[in-house]
Amino acid sequence: MPTSREATPRARARRDAAPPAAPDAATGGPLVEVRRSRRRSRTVSAWREDGRTVVAIPARFKRAQEREWVGRMVERLAAQERRRRPSDAQLAARATELSRRYLGGRAVPTSVRWSTNQGRRWGSCTPSEGTIRISDRVRGMPRWVLDYVLLHELTHLLQPGHGEAFWAELEAYPHTQRARGFLEGCAFARDGAEGPRDDGDEPSDDPAVTDEVDAGPDA
């Protein structure tokens, strides 16, 4: 018979083992996996992994708390993904809002849509037609990066070239330099030091969507 000292690690292992993923009601396949951690005391995290959602919670959570936080985090991730992967209509609406906020509403495109035919560019603008196309490879990038790409193309409706006047228009947007660095990093990762830069570019794979919130000491 094992001693209490020998049994304790086994019992701890059973308590900390991740339960099987919750089944998808439609397919019966795994959808959500809950991982309990003794190192996690306050925060709850969720992310996508291998086609399922992983929710990490403190080991102290009761089953009712687990159900509550799983539902909450699954919805937060879904909402985050909807924001980062807008439809054509949402993309056009965002462009209108960005023009109003940063360009005084002066840039008024005739259409704004996602495109699968952008080659190595993040986006394109045809000032004579007022059309803007954004590469679908930008879909899923951080919101502030997508906003920069939209603003970049909107500004071309006012300033066709990339002279001082063009960049002066973008000074109001606080994430211009950060977004340009992000895009250059994506281009470097894919194409190397001689790869395309700000205006002729090709991003790396979409970053994983993750979310984390503080559950509080009494959650």
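Reader: Why is Ser99 called buried?

Author: Ser99 has a relative accessible area of 2%. Buried means under 20%, exposed means over 50%, and partly exposed is in between, with a 1.4 Å probe and protein chains only. Ser99 is therefore buried. This is a predicted model, in which local features need pLDDT of at least 70 and side-chain atom pairs count only at pLDDT 80 or more, while totals for chains, interfaces and linings use all residues. Residues are numbered from 1 along each chain as its sequence is written, and side-chain values use heavy atoms, with hydrogens and water left out.

Reader: What is Ser99 in contact with, leaving aside its neighbours within four places in sequence?

Author: With those neighbours set aside, Ser99 is in contact with Gly104, Gly105, Arg106, Ala107 and Leu154. Contact means heavy atoms within 4.5 Å. Ser99 itself lies in helix α3. Helices are DSSP runs of H or I with at least four residues, strands are runs of E with at least two, and both are numbered from the N terminus.

Reader: What makes Glu97 and Arg100 a salt bridge?

Author: A salt bridge is a side-chain nitrogen of Lys or Arg within 4 Å of a carboxyl oxygen of Asp or Glu. The closest N and O atoms of Glu97 and Arg100 are 2.6 Å apart, so the pair meets the definition. The two residues are 3 apart in helix α3 (residues 88–102), which means a separation of about one helical turn. Glu97 also meets Arg101 in a salt bridge, at 3.0 Å from N to O. Glu97 and Arg101 are 4 residues apart in α3, about one turn of the helix.

Reader: How do you know that Glu97 and Arg101 are partly exposed?

Author: Glu97 has 22% relative accessibility, so it counts as partly exposed. Arg101, at 45%, counts as partly exposed too.

Reader: What makes Arg72 and Glu68 a salt bridge, and where do they lie?

Author: Their side chains meet at 2.5 Å, N to O, and that value is within the salt-bridge limit. Arg72 and Glu68 are 4 residues apart in helix α2 (residues 63–84), so about one helical turn separates them. Arg72 has a relative accessible area of 37% and is therefore partly exposed. Glu68, at 42%, is partly exposed as well.

Reader: How many salt bridges does a search of the whole structure find?

Author: The search finds 11. Glu33, Arg35, Glu49 and Arg52 are linked in a network of salt bridges. Side chains of opposite charge can pair when their charged atoms come close.

Reader: Why is the pair of Tyr102 and Tyr173 called edge-to-face?

Author: By the ring rule there are 3 aromatic pairs. Tyr102 and Tyr173 form one that is edge-to-face, with 5.2 Å centre to centre and 85 degrees between the planes. Rings of Phe, Tyr and Trp (its six-membered ring) pair if their centres lie within 6.5 Å; planes under 30 degrees apart are stacked, over 60 edge-to-face, and the rest tilted. Tyr102 lies in helix α3 and Tyr173 in the loop between α5 (164–169) and α6 (176–191), so the pair ties together parts 71 residues apart in sequence. Tyr173 is buried, because its relative accessibility is 5%.

Reader: What makes Trp144 and Phe182 an edge-to-face pair?

Author: Their ring centres are 5.6 Å apart and their planes are at 80 degrees, so the pair is edge-to-face. Trp144 lies in helix α4 and Phe182 in helix α6, so parts 38 residues apart in sequence are tied together. Phe182, at 26% relative accessibility, counts as partly exposed.

Reader: How do you know that the span of α4 agrees with its number of residues?

Author: The expected span of a helix is 1.5 Å times one less than its number of residues. For the 14 residues of α4 (residues 143–156) this should be 20 Å, and the end C-alpha atoms are 20 Å apart, so the two agree. In α4, 13 of the 14 residues are buried, so the helix is largely enclosed by the rest of the structure.
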